[in-house]
Amino acid sequence: MKSYVWLGILLFLTLTYATNLSAQSWTLQNPSEVPVELYDIYMDPTGFGWACGEGGAVYYTDQFGASWTPRFAENALGNFFHIDYLSGSNGQNVIAAGTKIASTQDGGLTWNVWIPDSSLGAYNGVEAINDSVAYIISNRGFLIKTEDAGLSWSNIPVPNPILRWSIQ
């Protein structure tokens, strides 16, 4: 019985030590020198990534977050809670959603603001399919789609309004 107790203690200490070692590999890679609350990040396996947050803040990296470039920060657009970009576009084609929606096809140098029906609420999730097609979920349970790069939007019926839905 004594050997089982020691074996249990040894196992516990080994797992605790291994867990503590793995937690020490985190590094701080803050995209902004000014404190900005960030809400979403997208990073692909090649090192391209985007982060978005309060006041319309958007940051871009092509080095897995080792350095960040501000690409958009206009308070008039409100907060961006979700960001996605088109696979294969080298991180150039991006859509950000929050209280408003904005997109870029040149890596954030210029932006188009998409304003779907404001009665749909704010936006909880975004998924870019290609240069023209995107899906957005609103905080009021609406699923909307554009097929012309945000010029027009159509409501896609869902069985029941779903609140707090997010596209993954």
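Visitor: Why is F64 called partly exposed?

Guide: F64 has a relative accessibility of 47%. Buried means under 20% relative accessible area, exposed over 50%, and partly exposed in between, with a 1.4 Å probe and protein chains only; F64 therefore counts as partly exposed. This is a predicted model, in which local features need pLDDT of at least 70 and side-chain atom pairs count only at pLDDT 80 or more, while totals for chains, interfaces and linings use all residues. Residues are numbered from 1 along each chain as its sequence is written, and side-chain values use heavy atoms, with hydrogens and water left out.

Visitor: Which residues does D44 touch?

Guide: Not counting residues up to four places away in sequence, D44 touches F64 and Y85, where contact means heavy atoms within 4.5 Å. D44 is found in the loop between β1 (38-43) and β2 (49-53).

Visitor: How do you know that D44 has no salt bridge?

Guide: A salt bridge is a side-chain nitrogen of Lys or Arg within 4 Å of a carboxyl oxygen of Asp or Glu. The nearest side chain of opposite charge to buried D44 is that of R71, 14 Å away. A polar atom of the D44 side chain does lie 3.1 Å from the backbone nitrogen of G47.

Visitor: What makes T146 buried?

Guide: The relative accessibility of T146 is 0%, so T146 counts as buried. T146 lies in strand β11 (residues 143-146). Among the residues that T146 touches, not counting those up to four places away in sequence, are W114, S132 and W153.

Visitor: What joins the side chains of T146 and D148?

Guide: A polar contact of 2.9 Å joins these side chains. The term denotes a pair of N or O atoms within 3.5 Å; within protein, one must be able to donate a hydrogen and the other to accept it, and residues adjacent in sequence count only if both atoms are side-chain atoms.

Notes
Helix = DSSP H or I, 4+ residues; strand = E, 2+ residues; numbered from the N terminus. Lys, Arg positive; Asp, Glu negative; His and termini not counted.
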